[in-house]
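Thanks for passing this one along for a second look. Below are some notes to read with the viewer open.

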Amino acid sequence: MTPQQRQIAQLAAAGHTNKEIAARLFLSPRTVAAHLYQVFPKLGITSRAALRDALGNGTSE
């Protein structure tokens with residue numbers, strides 16, 4: 001996973017919406033969604049709720 005994908009995944013795991021993540025990282029919400037769409041299979045998960053457990057680091061930002 002790329003550093004940007006990891007950062008997006010960590011923010012999503014912390015409970016931020018795609019729109020909030022996009023504003024923070026100066027991206028479009030669609031770009032954030034595309035990155036998450038690529039990250040889910042890499043982590044073997046199917047929902048945002050599983051992100052925190054899959055990353056194993058809680059809510060670091």
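The points below go from the whole chain to single residues.

1. **Confidence.** Please keep in mind that this is a predicted model. The mean pLDDT of the chain is 91, and 92% of its residues reach 70 or more. Helix α2, at residues 18-25, has the highest confidence, 98, while α4 has the lowest, at a mean of 90.

2. **Fold layout.** You will find four helices and zero strands in the chain. Going along the sequence, the pattern reads α-α-α-α. The radius of gyration is 10 Å, close to the 10 Å that the globule rule gives for 61 residues, so the chain is as compact as a globular protein of that length. If you want a box for the C-alpha atoms, roughly 25 × 20 × 20 Å along the principal axes will hold them.

3. Of the 61 residues in the chain, 31% are buried. The chain exposes about 3800 Å², and carbon and sulfur atoms supply 53% of that area. Take the contacts between residues at least 6 apart in sequence: 53% of them join residues at least 24 apart.

4. **The core.** Which residues have the most contacts inside the largest nonpolar core? They are Ile-8, Ile-21, Val-32, Leu-36 and Leu-51, in a core of 15 residues. Each of α1 (3-13), α2, α3 and α4 supplies at least two residues of this core. The largest share, five residues, comes from α1. As background, nonpolar side chains tend to be buried together in soluble globular proteins.

5. **Leu-36 as a place to start.** Leaving aside residues up to four places away in sequence, Leu-36 touches Ile-8, Ala-9, Ala-12, Asn-18, Arg-48 and Leu-51.

6. **Helix α1.** The buried residues of α1 are Gln-5, Ile-8, Ala-9, Gln-10, Leu-11, Ala-12 and Ala-13. They pack against α2, α3 and α4. Ala-13 has a relative accessible area of 6%, under the 20% cut-off, so this residue counts as buried. In space, the C-alpha of Ala-13 is 5.2 Å from that of Leu-51, although the two residues are 38 apart in sequence.

7. The side chain of Gln-5 makes a polar contact with the side chain of Lys-42, at 3.1 Å. Not counting residues up to four places away in sequence, Gln-5 touches His-35, Gln-38, Val-39 and Lys-42.

8. Gly-15, which follows α1, has a positive phi near 105 degrees. Phe-26 is not a glycine, yet its phi is also positive, at about 60 degrees. Phe-26 lies in the loop between α2 and α3. At 77% relative accessibility, over the 50% cut-off, Phe-26 counts as exposed.

9. **Partly exposed positions.** Ala-33 sits in helix α3. Its relative accessibility is 33%, so Ala-33 counts as partly exposed. The C-alpha atoms of Ala-33 and Gly-15 are separated by 14 Å, and the two residues are 18 apart along the chain. Ser-47, in the loop between α3 (29-43) and α4 (51-55), is also partly exposed, with a relative accessible area of 30%.

Key: Residues numbered from 1 in each chain as written. Predicted model: local features only at pLDDT ≥ 70, side-chain atom pairs only at ≥ 80, totals over all residues. Heavy atoms only, no water. Buried < 20%, exposed > 50% of the residue type's maximum accessible area, 1.4 Å probe, protein only. pLDDT = per-residue confidence, 0-100. Core = buried A, V, L, I, M, F, W, Y, C linked by side-chain atoms within 4.5 Å. Contact = heavy atoms within 4.5 Å. Rg over C-alpha atoms; globule rule 2.2 N^0.38 Å. Areas by Shrake-Rupley, 256 points an atom, 1.4 Å probe, with all protein chains shown as cover. Polar contact = N/O pair within 3.5 Å; in protein donor to acceptor, adjacent residues only side chain to side chain.
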